Structure formats: C-alpha cells, structure tokens
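The sequence and the model are shown first.

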Amino acid sequence: MTATPQPRFADYLELTKPRLSMLSVATAVVGYFASRPVWDGRLFLWMLIGTCLSAAGVAALNQWMESDTDAKMRRTADRPIPAGRMPTGTAFILGWGSCAAGLASLYTQVNGFAALFALLTIISYLAVYTPAKRWSRFSTEIGAVAGAFPPLIGWAAAEGEGELGLILFLLLFFWQVPHFMAIAWIYRADYSAVHFPNLAVRDETGRKVARWSLLTTVAAVLAACMPTFCLGSGMVYFAVSLLLGAWFFSRAWVFDRAVRGATTSRTPEQHARRLFLASVSWLPLQLVWLVVDRVFRFP
C-alpha cells in the first residue's frame, strides 16, 4: 500500500488561498483606517488576527467542499486536496477550527459587530455562494455579496460612519463582478467541464459577459466617487477617482467592443486578461487613495 504523502508547509499555505485571503484582510484594514479611528494598536492587532483566521478558514472549507470539481479543472487540479497531498479530514478540521478561532478573537477582543460581519462572510461564502456555483447563473453576484463584507469588519472595529460602510460594501460588490467575469471568460472551458452554469458558460458569444462587466465597472467607479457627496471628500479626491475610474472603464469598454466584433489588435480573451489585470490594479489604488484622502482631507 502506498503511503499518503505528508502535507508540506506550502500545502497548508495553499489551503488558505493566500492571495484571496489577503485581499479580505487588506480591505478590512482599509475599512478600519478609512474610518479615522482613535489609534488602538491592541484592537487593530486583534482585528487583523481575527480576520486572517476567518479568511483562512473559509478558504480551507471552500477547497474541502469543492475538491471534486477542483480535480477536474486545470487551474485547480494541483491544489492540495485534489492532488492527494492533504486528507480531506485535515482540511475540514483546520477550516472550522480557524473560523471558530477568528470569530472568537473578533467577538472577545474587538466587538460584536466586527464578529457579526465575519460570520456573515463565512455563512454567505460557504452556505450560499459555494453551493450556488453548481446551479445558479447568478453565482458571481452571490459571491460578490460575500466578498463585500470583509471591509465592514474593519469599519465595525473602528466604529465608522454608516455612509462609509455602505460605500465600501458597494465598491467591493461591484468591483468583483468585472474582476470575476474576466476570469470566468478566460477559463470558461474549465467551468463548462464541471457544469458550472455561470454567465461565461451560458453566454457563448461573450456579449452578455462583456456588457455586464462594463455596467458593473461603471457602478464600481460611481461608488468610488460617492465620498465626495456623502463624506465631505473634496474635488481633488473626486478628480483622481475619476481618472482611475476612466482607466478601469477603458479596459471594460475595449473588452465589450472586442466580443462584439470590433476590429482590435487583440482577441477577446486577451482583452479579458487586460481587464482582469486592470481590476487587480484599480482596486488597491482606489482604496489607498480613499484612505489617504480620509486621513489628510484634501480640498
């Protein structure tokens, strides 16, 4: 009998989906600092610990739940569980243990509202979004709700203004749609192979994918500009946000034109990749700019 390989540190790290988990932590940090709290190093550290543990636990449980479909897709087949480098039971125990420790840390060391938003993230991601990927055309939008809760963990920890919490939620929600639509279009063959009925699989022409990406990009840019009208940010913030948004919009616009047959020097897949790269650049630039403006209060 062949012995099961022992998981390496790299396998445990991959189980937490570090890039996706760090995005959740980073947006929680943005929510905290954008609220301009009175600095409390202890509270901030516990907010970080609780968010990190919760995000890592969600990622591990997601891979445990999707190990069968992960094994059938090229981009996920080498993950620790489908590749046979980690037993499913290990992932299950680590995932729930990490989620429980994260929620306990936030509830006891930060406040109940921060723990509530972490709990909403866990429930919406695991109990709603992950199953919905197998049966719903709207799985991306459902997942975007789950992905929009983490900044509210930081916002709640800092006891920020209500308008700021709404803006952060809307910005993250709308940003995720073009971001994940671009990924889904690039890897639509993988999703089709496991019968995930997302829009990129159902829309063979890509026209609905590109148009929905374009519309939600506009919505994300509008959400990013809302602090000028709701939080007293000045015209400097508004102008820079418009410039950043125009660049993001241009990538979505060209992707939309490409799938509709407009003559371009690149294929729709190449434009989808450019939209993806623009999305992963626009979000941190916009969020950092929001924090900088909130701290320094430009005219």
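How many residues of H8 are buried? Eight of the eight are, so H8 is largely enclosed by the rest of the structure. Here buried means under 20% relative accessible area, with exposed over 50% and partly exposed in between, for a 1.4 Å probe and protein chains only.

## Basis of the model

The model is predicted: local features need pLDDT of at least 70, side-chain atom pairs count only at pLDDT 80 or more, and totals for chains, interfaces and linings use all residues. Residues are numbered from 1 along each chain as its sequence is written, and side-chain values use heavy atoms, leaving out hydrogens and water.

Helices are DSSP runs of H or I with at least four residues, numbered from the N terminus. The buried set of H8 comprises Pro150, Pro151, Leu152, Ile153, Gly154, Trp155, Ala156 and Ala157. These residues pack (contact means heavy atoms within 4.5 Å) against helix H2 (18–34), H3, helix H5 (88–109), helix H6 (112–132), helix H7 (139–147) and H9. After H8 comes Glu159, with a positive phi near 55°.

Ala156, a residue of helix H8, counts as buried at 7% relative accessibility. Not counting residues up to four places away in sequence, Ala156 touches Asn111, Phe113, Ala114 and Phe117. Its C-alpha atom is separated by 9.9 Å from that of Met47, 109 residues apart along the chain.

## Packing of H3 on H8

The axes of helix H3 (residues 41–65) and helix H8 (residues 150–157) come within 10 Å and cross at roughly 155°. H3 is therefore roughly antiparallel to H8, a term for angles over 145 degrees. Axes are lines fitted to C-alpha atoms, for helices over the stretch in contact, and angles run from 0 to 180 degrees between N-to-C directions.

Leu43, Met47 and Thr51 of H3 meet Ile153, Gly154 and Ala157 of H8 in this contact. Four of the contact residues are nonpolar, two are polar and none is charged.

## Nonpolar cores

A nonpolar core is a set of buried Ala, Val, Leu, Ile, Met, Phe, Trp, Tyr and Cys residues joined through side-chain atoms within 4.5 Å. The largest one has 69 residues, and Met47, Ile153, Leu171, Phe255 and Trp282 have the most contacts inside it. Helix H9 (residues 162–186) gives the most to this core, namely 15 residues. A second, separate core of eight residues includes Cys99, Tyr125, Leu126 and Ala146.

How values were computed: Helices (H or I, at least four residues) and strands (E, at least two) are DSSP runs, numbered from the N terminus. Angles under 35 degrees count as roughly parallel, over 145 as roughly antiparallel, 65 to 115 as roughly perpendicular and the rest as oblique. Ala, Val, Leu, Ile, Met, Phe, Trp, Tyr, Cys and Pro count as nonpolar, Asp, Glu, Lys and Arg as charged, and the others, Gly among them, as polar.
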